[in-house]
Structures are given as structure tokens and as C-alpha cells.
Amino acid sequence: MHLILPLLLCLVGVSTVLSRRRRSNGYMYAPQQLSDATHLLPAQWFTQILDHSEPADTRTWQQRYFTNDSFYEPGGPVFLMIGGEGPADPIWMVEPYWVTYAQGLNAYMLFLEHRYYGMSHPTEDASVDNLAYLSTEQALGDLANFVVSMKESLGFEGNKWIAFGGSYPGALAVWFRLKYPHLVHGSVATSAPVEAVINFKEYLEVVRDSLATVSEDCNTQIKEAHQQLDLLLLDQTGWDTITTEFR
């Protein structure tokens, strides 16, 4: 059982590394510096529908978003960055690659934070009942409602809309284009796992590489610890040990 503690320490290490790498909207690396910190734009708030699957449900909540019109010229496209499993960081409005695209194409930029992440809280808490509203379908509904409203309020009905996202938000960008082709004209999906896979073993390569940044020996200990856990799962005594060690 001496390997259980190293296993836990390695898992804490990799979770820290992954959280640093993934940042706000699913891209592996967020911009490291701002050319001018004063360009960070203030948050804005959109009155969002809680349950898009139930038209009779009139409950709403405030969803955070950011805009950047620095490069926009009338008739230019509208770029929509989709938030993912983390806070929407306004640094993305002034530094990443899509800003270069916006500058070259005179685009208007929008960044919508994903429900239940950052400061976008649809419910008072994250109880099991309330987490029923945390789903891909509801997130796509948020995007559709947001785009319809922004088209009207900003006068962008005739503009081309392009969705951006990386990793999970990249998948959302593709699905948004597929489900709501009348609202978005195209999508740019970076490292987007758009095909649902039950046993997504390829992601373990990311975990393995992250563990190695904590310690070269970490992957070895993880492997040995899993072998021990396999043995413990063979009988009731082992189950009791696992329950005690992992609470």
C-alpha cells in the first residue's frame, strides 16, 4: 500500500498542470502576456434562459460575455468565441490568434462564458437537481439565444457569423454549426473531439505527458499503483482497504 500516497500526489500534480494548460475556453495554452493591459475589456451580462428544452419555463439568469469592436468595420464578420469548462478570461479578447484574424477581416468579436463556469451561475448552487441544467444541449441553446439577441441588438442580421472554440468548445462550435446552420455560417474547431467515444483512451496520452512534468518517476508509480488496485479489487478485504484509503 506504500504506492497509494504517491498515486494521490501524482494525481494532484497532474490536475494542477492540466488546469494551468487548459485555462478558460479549452485551448491548451492561454496568452502569457498582454501587449497593453489597458485593452482588457469589462464584462457584460446577458439575460439567458435557464431551460431551453421547456418553453413554459420562464426562469432566467445572467450570463457573462465580452466584446471587442476595435477592428470592426460595417459589413465585417462576427466572431463568436465559445467558452468551455473554465472561467472566460478577457485576455482572449486582445491576444490570441483569432484576434489576428479579426484584425485582418475587420470582425466584431464576442466571447460567451459557458454556463456553470466562471461567473455564469444559472442556479444558486451546484446540487444534483440543479446540475440537470448543465448539458451540451443547454449550452448550445445558450449560444443560439445569445446569437439571435446579439443579431437584433447590434444590428448584425446580415453579417457572417463564425464560431470559434478549442477542445470541448471546439466540439460545441461544430455542433452549433450543425444544429443551427441558420445562425452561424462557419466554425473553427481546434483539437475538437467531435466524435463521441466511450473509451477515449487517447486522452490518457495527455495525462501521461502531464504526469511526466511533475516527476519522471510519476508514470511508473501510477502504473504500479494501478496494478496494486487491480489486486485489491479481487476480494472484500481489498475493497475495504480501497474504501478506507480513498475515503
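A salt bridge here is a side-chain nitrogen of Lys or Arg within 4 Å of a carboxyl oxygen of Asp or Glu. All views show a predicted model.

**View 1. D209 and R208 form a salt bridge.** The side chains of D209 and R208 meet at 3.4 Å, N to O. That falls within the 4 Å limit, so the pair counts as a salt bridge. D209 has 42% relative accessibility and therefore counts as partly exposed. R208, at 44%, is also classed as partly exposed. The structure holds five salt bridges.

View 2. The closest N and O atoms of E113 and R64 are 2.6 Å apart. The two residues come from distant parts of the chain, 49 residues apart. E113 sits in the loop between β4 (108-112) and α3. R64 belongs to strand β2 (residues 60-68). Both E113 and R64 are buried.

**View 3. R115 meets D142 in a salt bridge.** Their side chains come to 2.7 Å, N to O. R115 lies in the loop between β4 and α3, while D142 is in helix α3. R115 and D142 are both buried.

**View 4. Helices α3 and α4 cross.** The axes of α3 (residues 136-154) and α4 (residues 168-179) come within 10 Å. They cross at roughly 65°. The crossing is right-handed. From α3, the contact takes in T136, A139, L140, L143, A144 and V147. From α4, the partners are Y168, L172, W175, F176 and K179. By class, this contact has nine nonpolar residues, one polar and one charged.

**View 5. Six strands build an open sheet.** The strand order is β1-β2-β4-β3-β5-β6, and the pairing is mixed. From one strand to the next, the twist averages 25°.

**View 6. Strands β3 and β5 pair, with helices against the sheet.** Strand β3 (residues 78-82) runs parallel to strand β5 (residues 161-166), and four bridges connect them. One of the bridge pairs is V78 with W161 in β5. Helix α2 (residues 97-105) packs on the sheet and touches β3, β4, β5 and β6. The direction of α2 makes about 170° with that of β3. Helix α4 lies across β3, β5 and β6. The angle between α4 and β5 is about 150°.

Terms used. Residues numbered from 1 in each chain as written. Predicted model: local features only at pLDDT ≥ 70, side-chain atom pairs only at ≥ 80, totals over all residues. Heavy atoms only, no water. Axes fitted to C-alpha atoms, helices over the stretch in contact; angles between N-to-C directions. Left-handed = near helix turned anticlockwise from the far one by under 90°. Contact = heavy atoms within 4.5 Å. Nonpolar A, V, L, I, M, F, W, Y, C, P; charged D, E, K, R; others polar. Buried < 20%, exposed > 50% of the residue type's maximum accessible area, 1.4 Å probe, protein only. Pairing = 2+ DSSP bridges.
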